[in-house]
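Please examine the structure shown below, with attention to its surface, to a pair of helices and to a loop.

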Amino acid sequence: MQQVRLGRTGLKVSEICLGMMSYGDSAWRDWILDEEAADPFVRRAVEAGITFFDTADVYSLGESERVTGRLLTKYFARREDYVLATKVHGAMSDRPNDAGLSRKHILAGIDNSLSRLGTDHVDLYQIHRWDPQTPIEETMEALHDVVRAGKARYIGASSMYAWQFAKAQHTARDNGWTEFVSMQNHYNLAYREEEREMLPLCLDQGVGVIPWSPLARGLLAGNRGRGGEKRTTRANSDTFNSMYTDDDFAVVDVNAEVAAERGVSPARVALAWLLSRPAVTAPIVGATKLAHLEDAIAATDLTLDEKEIERLEAPYVPHPVLGH
């Protein structure tokens, strides 16, 4: 597994990031695995050279962070040997100040996350979404203070419009505050709207891109069929399934064709395509079966040729903005 720079920083991360949302408490989502079931996934990831792990406070309402912290401590001898990312924004309760990107919530959020993770710092602290109710100046100054306090090494952002990201970066730069070094956005072979503005912005500014949902909630791996057929537990309960429509099955079909010709799984081809995109640093891969993780690991060694990439991209149909 290669270790690559995150954007223009000196931080090295594995070219696959293991998404830890899948591990925590099944009371939150019925497809979530508990710590005992998650253990083999983290062990295999470490064996394969994955050093980059992403979670969020809101995943299983904190339990994902607890599981993540315990398992990483178990499989890494030194804190310096892995890159740990978490996020803030989502509602942790129904209390009015327990969500969003206010100074109050960010400063409480980082302390709570560090306690659950069992560490004194995270490597990447990300805003999970844009908060229209909080001035961006308040958010960026609070994040800067988190970094200055040594509680985070870098900060990152997640799904938003390019103008919002540019505004946040300008605000930080204008005030001498810490800027975002990464963008965690919704990007995959079936959803390419980020290619219009966000990805060119990140390339121009040297911002690392760590896409979420690289397999389109499993669509590109074959977990759903035309007409609403659902083939997995997650497909049956995922509230984001409506993000994709039957129009996207033209992409699913050609992805399966290329995979069959290569003698590999459709998931491997879809991930290899994403890894070939110039802006992408490391896709965030979720895994609830070890085969999912093996596909992600193997995708790093699969190089698609130009004709295959053209075939994969040709059926794409523009989408409304999804995932913000």
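A surface patch consists of residues with over 30% relative accessible area and no salt bridge, and nonpolar side chains are joined into one patch within 5 Å. The model considered here is predicted. In this model, Tyr161, Trp163 and Val321 make a nonpolar surface patch of about 330 Å². One of these residues, Trp163, lies in helix α5, which spans residues 162–175. Because exposed means over 50% relative accessible area, Trp163 is classed as exposed with its value of 51%.

The helix pair comes next. Helix α8, residues 249–262, packs against helix α9, residues 266–276, at an angle of about 105 degrees, and the two axes are 8 Å apart. The helices α8 and α9 are therefore roughly perpendicular, since angles of 65 to 115 degrees fall into that class. On the α8 side, the contact involves Asn255, Ala256, Val258 and Ala259; these residues meet Pro266, Val269 and Ala270 of α9.

The loop remains to be described. Ala91 is located in the loop between strand β5 (83–88) and helix α3 (103–117). With a relative accessibility of 44%, Ala91 counts as partly exposed, because this class lies between the limits of 20% for buried and 50% for exposed. Leaving aside residues up to four places away in sequence, Ala91 touches Val58, Leu61, Asp98 and Ala99. Ala91 and Trp28 are 63 residues apart along the chain, and a distance of 13 Å separates their C-alpha atoms.

Terms used
Residues are numbered from 1 along each chain as its sequence is written. This is a predicted model: local features need pLDDT of at least 70, side-chain atom pairs count only at pLDDT 80 or more; totals for chains, interfaces and linings use all residues. Side-chain values use heavy atoms; hydrogens and water are left out. Patches are made of residues with over 30% relative accessible area and no salt bridge: like charges are joined within 9 Å, nonpolar side chains (Val, Leu, Ile, Met, Phe, Trp, Tyr) within 5 Å. Accessible areas come from the Shrake-Rupley method with a 1.4 Å probe; for residues, only the protein chains shown count as cover. A salt bridge is a side-chain nitrogen of Lys or Arg within 4 Å of a carboxyl oxygen of Asp or Glu. Helices (H or I, at least four residues) and strands (E, at least two) are DSSP runs, numbered from the N terminus. Buried means under 20% relative accessible area, exposed over 50%, partly exposed in between (1.4 Å probe, protein chains only). Axes are lines fitted to C-alpha atoms, for helices over the stretch in contact, and angles run from 0 to 180 degrees between N-to-C directions. Angles under 35 degrees count as roughly parallel, over 145 as roughly antiparallel, 65 to 115 as roughly perpendicular and the rest as oblique. Contact means heavy atoms within 4.5 Å.
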